[in-house]
Amino acid sequence: MRKPVIGIIGNHDIIHDEYPAYTSGAMNADAIALVSGGMPLIVPANPDFVDVDDLADLCDGFLFTGGRPNVHPSEYGHAETEAYGTFDRNRDAITLPLIRKCVDRGQPILGICRGFQEVAVAMGCTLHPEIRDIAGRNNHRMTPDGTLDEKFEMRHIVTLTDGGPFHHLWGKREVMTNSLHGQGILDASGRIVIDGTAPDTTPEAIYVKDAIGFTMAVQWHPEWQAGLDPVSKPLFQAFGQAALAWVQRDKTIRKSA
């Protein structure tokens, strides 16, 4: 049985202030290869290069990663303001229809940080541009200075729904996570189930209601030390198992054709 091919949706970056590049953090590919057991394939998020239907057929699952640009607010009916930060409309054009397609066909997806927000928006949710500006909410942003260890350190508890899929995954109602995001879900749609929240009620773990496949997404960054962290490792393993099941399904379909 071949390894599942996992498409990792990349970002558009400028290296050394002048060199354009399609990128993804090494820790994303490491988590897929070393924990999920898949073959990572970094995808340039540009609709001029990538056809969503062809991409869905090429890969067995998709990792929607974090990234500095945010989903454009017009995708959920809000007006653009400076508070929403920077955008990547090309990535929006790939990820949102791809998520909907994967949900419809039962193809496994895992969303992280911006990817969490993409899953939410694709399923009809709205976002708030700066969670810390809401009364009673905390600052969920990354520590601006320090080492990577300090930036990705555990910051708060996430409380999970009793009996929900995340509870079943980890076998406990509370887990510790890092926190490196500014935006978050404002209004959840009927398609999204909020299955875990931070102490200030910010949604942190979601899945798509009544989806036939794996649709988990988390607002934190489990790719950091995914093979060692007791929360990250089971999540990436479960995603890998779902992708392997997709490979087996595809093989069965091809044999019967």
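Are F152 and W224 buried or exposed? Both F152 and W224 are buried. Keep in mind throughout that this is a predicted model.

Let me stay with aromatic rings. The count of aromatic pairs comes to 7. In one of them, the ring centres of Y22 and F49 lie 6.1 Å apart with the planes at 80°, so this pair is edge-to-face. Y22 belongs to strand β3, residues 19–23, while F49 is in the loop between β4 and α2; the two are 27 residues apart and the pair links distant parts of the chain. As for accessibility, Y22 is at 37% relative accessibility and therefore counts as partly exposed. F49 has a relative accessible area of 56%, and because exposed means over 50%, F49 is exposed.

Now back to the residues I opened with. F152 and W224 form a stacked aromatic pair, 4.7 Å centre to centre, with 15° between the planes. This pair also links distant parts of the chain: F152 sits in the loop between α5 and β8, W224 in the loop between β13 and α7, and 72 residues separate them.

Two further ring items. F166, W170 and W220 make up one aromatic cluster. At W246, the charged end of R249 sits over the ring, 4.2 Å from the ring centre.

In soluble globular proteins, nonpolar side chains tend to be buried together. Here the largest nonpolar core has 34 residues, and those touching the most other members are I9, L55, F62, L98, I109, V119 and I206. Elements that give two or more residues to this core are β1, α2, β5, α3, α4 and β12. Its largest share, 6 residues, comes from α3.

A word on α4, which is mostly covered, with 9 of its 9 residues buried. The buried residues run from R114 to A122, and V119 is among them. Just after α4, G124 takes a positive phi of about 100°.

That leaves the empty space. Rolling a probe the size of a water molecule over the atoms shows where empty space is left. How much space lies in the largest pocket? The figure is about 970 Å³. The largest pocket is lined by 33 residues, and the closest to its centre are G66, G67, R68, L180 and H221. Two or more lining residues come from each of β2, α1, α4 and α5. The largest share of that lining, 3 residues, is from β2. Sorted by class, the pocket lining has 10 nonpolar, 17 polar and 6 charged residues.

Last, the cavities. Searching the whole structure for cavities of 30 Å³ or more finds 1. The largest cavity holds about 50 Å³ of space. Its lining residues include M154, W220, H221, W224 and D229. By class, the lining of this cavity has 6 nonpolar, 4 polar and 1 charged residues.

Notes: Residues numbered from 1 in each chain as written. Predicted model: local features only at pLDDT ≥ 70, side-chain atom pairs only at ≥ 80, totals over all residues. Heavy atoms only, no water. 1 Å grid on protein atoms, 1.4 Å probe; cavity = no way out; pocket = protein on both sides within 12 Å on 5 of 7 lines; lining within 4 Å. Points joined across faces, edges and corners; volume = space filled by probe spheres on them. Helix = DSSP H or I, 4+ residues; strand = E, 2+ residues; numbered from the N terminus. Nonpolar A, V, L, I, M, F, W, Y, C, P; charged D, E, K, R; others polar. Buried < 20%, exposed > 50% of the residue type's maximum accessible area, 1.4 Å probe, protein only. Phe/Tyr/Trp six-rings, centres within 6.5 Å; stacked < 30°, edge-to-face > 60°. Lys NZ or Arg CZ within 6 Å of the ring centre and 35° of its normal. Core = buried A, V, L, I, M, F, W, Y, C linked by side-chain atoms within 4.5 Å.
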